[in-house]
Amino acid sequence: NFDKYNESINKIPVTIITGYLGSGKTTFINYLLKQNHGNKFAIIENEFGEVGIDDELVKKTEEEIIEMMNGCICCTVRKDLIITIKELIDKKRDKFNHIIIETTGLADPAPVAQTFFVDDDMSNLCKLDSIVTFIDAKFTGLHLDEVKSLGVENEAHEQVAFADVMVLNKIDLVNQEELKSIKKKLKAINVHAPIIESKYSNIPIEKIININAFDLEKILEMDESFLNIDSEHHHDSSITSFGIHIEGSFNIDKLNKWFTKLMIQNGKDLYR
């Protein structure tokens, strides 16, 4: 038992930050980087689209920040995740003591977590500390109620189901009845994970970092196929992204007017 404990403390803890589009994940990363917590983080960000924007949204720091674009980390770029982490540890191990993975809002956290158990090198190098799911108090409830076509996952539901901790964010945008309603929905999906209420993604770091909350046995009770690397999942193909590259100068006023018109006409269908 002592050998197992000694082996565990030498592994690098990993926190998976997940949550549906617009729930406040990147805002939390910025908040985290401004705090005096004594940790040195390596942060891996996953972008769903071909044009990265989170690297511009995240505060510039001395932390190791790596961006993985044009694919969801739970499927198309999962092999890249393994390569990225191995290279990080091989070349820059002395520069960090904790890895944070911020998934795209459309990611199923289960395959990401699975990576640390089905790959021998990953299981020897890293220890999954927790899956932290951010929830938009105003809008995530609507996504939890969405009925998907046969074979298509409800990512918002999966993110809540696999959470070790749920951060109920943007509580300032809802009233007490709405807050009570979303909490009831969350507990109906995941009764075990504690719910932390927050505004602007401001959460005490010690409540979600180095908490040793991930429980493989609990996950296997919920999903017997968790360690099956051949299991497939399908995203909702109605949600897509596109990018526009602008070279040279442009008229910022006209661009803002175009964005305003777009949001008025299609606001309910835009995530970010």
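1. Glu197 is partly exposed, at 35% relative accessible area, and in this predicted model the residue forms a salt bridge with Lys183, with the closest N and O atoms 2.3 Å apart. Because Glu197 sits in strand 7 (residues 195–197) and Lys183 in helix 9 (residues 176–189), the pair ties together parts that are 14 residues apart in sequence. Lys183 is also partly exposed, with a relative accessible area of 28%.

2. The structure has 6 salt bridges. One of them joins the side chains of Asp119 and Lys86, at 3.6 Å from N to O. Asp119 lies in the loop between helix 5 (109–118) and helix 6 (120–125) and Lys86 in helix 4 (residues 78–92), so parts 33 residues apart in sequence are tied together. Asp119 is buried at 17% relative accessible area, while Lys86 is partly exposed at 28%. A network of salt bridges links Lys86, Asp119 and Asp121.

3. Lys218 and Asp164 form a salt bridge, their closest N and O atoms being 3.5 Å apart. Lys218 belongs to helix 10 and Asp164 to the loop between helix 8 (155–161) and strand 6 (165–169), so the pair ties together parts 54 residues apart in sequence. Asp164 is buried, at 5% relative accessibility; Lys218 is partly exposed, at 24%.

4. There are 7 aromatic pairs. Ring pairs join Phe117, Phe162, Phe214 and Phe226 into a cluster. Arg93 lies over the face of Phe96, 5.8 Å from the ring centre.

5. Helix 2 (residues 25–34) is largely enclosed by the rest of the structure, because 8 of its 10 residues are buried. Among them are Phe28, Ile29, Tyr31 and Leu32.

6. Ile246, Phe250 and Ile252 make a nonpolar surface patch of about 290 Å². Ile246 is partly exposed, at 46% relative accessible area.

Conventions
Residues numbered from 1 in each chain as written. Predicted model: local features only at pLDDT ≥ 70, side-chain atom pairs only at ≥ 80, totals over all residues. Heavy atoms only, no water. Patch = residues over 30% accessible without salt bridge, like charges linked within 9 Å, V, L, I, M, F, W, Y side chains within 5 Å. Areas by Shrake-Rupley, 256 points an atom, 1.4 Å probe, with all protein chains shown as cover. Salt bridge = Lys/Arg side-chain N within 4 Å of Asp/Glu carboxyl O. Buried < 20%, exposed > 50% of the residue type's maximum accessible area, 1.4 Å probe, protein only. Phe/Tyr/Trp six-rings, centres within 6.5 Å; stacked < 30°, edge-to-face > 60°. Lys NZ or Arg CZ within 6 Å of the ring centre and 35° of its normal. Helix = DSSP H or I, 4+ residues; strand = E, 2+ residues; numbered from the N terminus.
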